[in-house]
Amino acid sequence: MRAVALAAGIIPPRPMHTGAEAGLLAEYASGASRVVELGVYEGSSAVMFCAVLAPQAELHLVDPFVDEHGSAMRAGWHGTPFATRMAVRRASRAGPTIRWHIERSQDLGRGWTGGDVDMVFIDGDHSAEACGEDWRVWHPHVGVGGAVAFHDARDGRHVGSSGPGPTAVVDALRADMPEGWSIAAEVDSLVIFRRDG
């Protein structure tokens, strides 16, 4: 029933981020030419990106809509591709070009030929293995000045939910920062890395 109501526009997508997180994501996406979101669920982040991206920008939405490891969604929650597409379509009428990729984010990242990316938002499979692989295959595609944002990556550091998988990946990057990268911002469960050079 929820999917039908979402597809019809009766209810909005269920938000998966706080207002402060949405504001920071919007700030970093504003002016971007190409944004890639890994993990779409019902499309609440995608709707926010549609509001700040220019009509000539691209928004790549990546989600297999299958929770392989049981680490992507809360128990009983699942996205429905058709309903999510309808919710995002309503939001993107005057916004960016939407490109859907119904596949594993890691597979797409390994074979990516879509050009430099200004921002990657990692919010898919929350296992440490999948989240780490998302970083490894996607951060090389980010151009200088671009960003990689990790959601649910500050377990024990804020009031609210986070995940041990994304937190472990971010903590490992904190301990051994890749050359040319730095932590640009943090709020609630969100950590943003910036490619400086």
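Mentor: A residue is called buried when its relative accessible area is under 20%, exposed when that area is over 50%, and partly exposed in between, with a 1.4 Å probe and protein chains only. Helices (H or I, at least four residues) and strands (E, at least two) are DSSP runs, numbered from the N terminus. The model is predicted, so that local features need pLDDT of at least 70 and side-chain atom pairs count only at pLDDT 80 or more, while totals for chains, interfaces and linings use all residues. Residues are numbered from 1 along each chain as its sequence is written, and side-chain values use heavy atoms, with hydrogens and water left out.

The part to examine is helix H3 (44-52). Within H3, the buried residues are Ser44, Ser45, Ala46, Met48, Phe49 and Cys50. Contact here means heavy atoms within 4.5 Å. The cover over the buried residues of H3 includes H2, strand E1 (34-38), E2, helix H4 (81-91), strand E3 (97-101) and E4.

Two packed helices are described by the angle between their axes and the distance between the axes. Axes are lines fitted to C-alpha atoms, for helices over the stretch in contact, and angles run from 0 to 180 degrees between N-to-C directions. Angles under 35 degrees count as roughly parallel, over 145 as roughly antiparallel, 65 to 115 as roughly perpendicular, and the rest as oblique.

Consider H4 to begin with. The axes of H3 and H4 cross at roughly 15 degrees and come within 9 Å; the two helices are therefore roughly parallel to each other. The crossing in which H3 passes H4 is right-handed, a term used if the near helix is turned clockwise from the far one by less than a right angle, with left-handed used if it is turned anticlockwise. On the H3 side, Ala46, Val47 and Cys50 meet Ala87, Val88 and Ala91 of H4. The residues of this contact between H3 and H4 comprise six nonpolar, no polar and no charged. In this division, Ala, Val, Leu, Ile, Met, Phe, Trp, Tyr, Cys and Pro count as nonpolar, Asp, Glu, Lys and Arg as charged, and the others, Gly among them, as polar.

Val47 lies in helix H3 and is partly exposed, with a relative accessible area of 27%. Setting aside neighbours within four places in sequence, Val47 is in contact with Pro13, Ala87 and Ala91. The C-alpha atoms of Val47 and Pro12 are separated by 9.6 Å, although these residues are 35 residues apart along the chain.

H4 also carries Arg90, which counts as partly exposed at 30% relative accessibility. Not counting residues up to four places away in sequence, Arg90 touches Leu6, Ala7, Ala8 and Gly9.

The other helix is H2 (19-29). H2 and H3 pack with their axes 9 Å apart, at an angle of about 45 degrees, which makes H2 oblique to H3. H2 passes H3 in a right-handed crossing. Here Ala22, Leu25, Ala26 and Ala29 of H2 meet Met48, Phe49 and Val52 of H3. The residues of the contact of H2 with H3 comprise seven nonpolar, no polar and no charged.

In H2, the buried residues are Glu21, Ala22, Leu24, Leu25, Ala26 and Ala29. Their cover includes E1, H3, E4, E5, strand E6 (181-187) and E7. Just after H2, Gly31 takes a positive phi of about 85 degrees.

A nonpolar core is a set of buried Ala, Val, Leu, Ile, Met, Phe, Trp, Tyr and Cys residues joined through side-chain atoms within 4.5 Å. The largest such core has 24 residues, of which Leu25, Val35, Phe49, Leu53 and Leu59 touch the most other members. Two or more residues of this core come from each of H2, H3, strand E2 (58-62), strand E4 (117-122), strand E5 (142-150) and strand E7 (190-195). H2 gives the most, with five residues. Leaving aside neighbours within four places in sequence, Leu25 is in contact with Met48, Phe49, Met119, Phe121, Ala149 and Leu190. Apart from this core lies another, of 22 residues, among them Val36, Val142, Ala153 and Val170.
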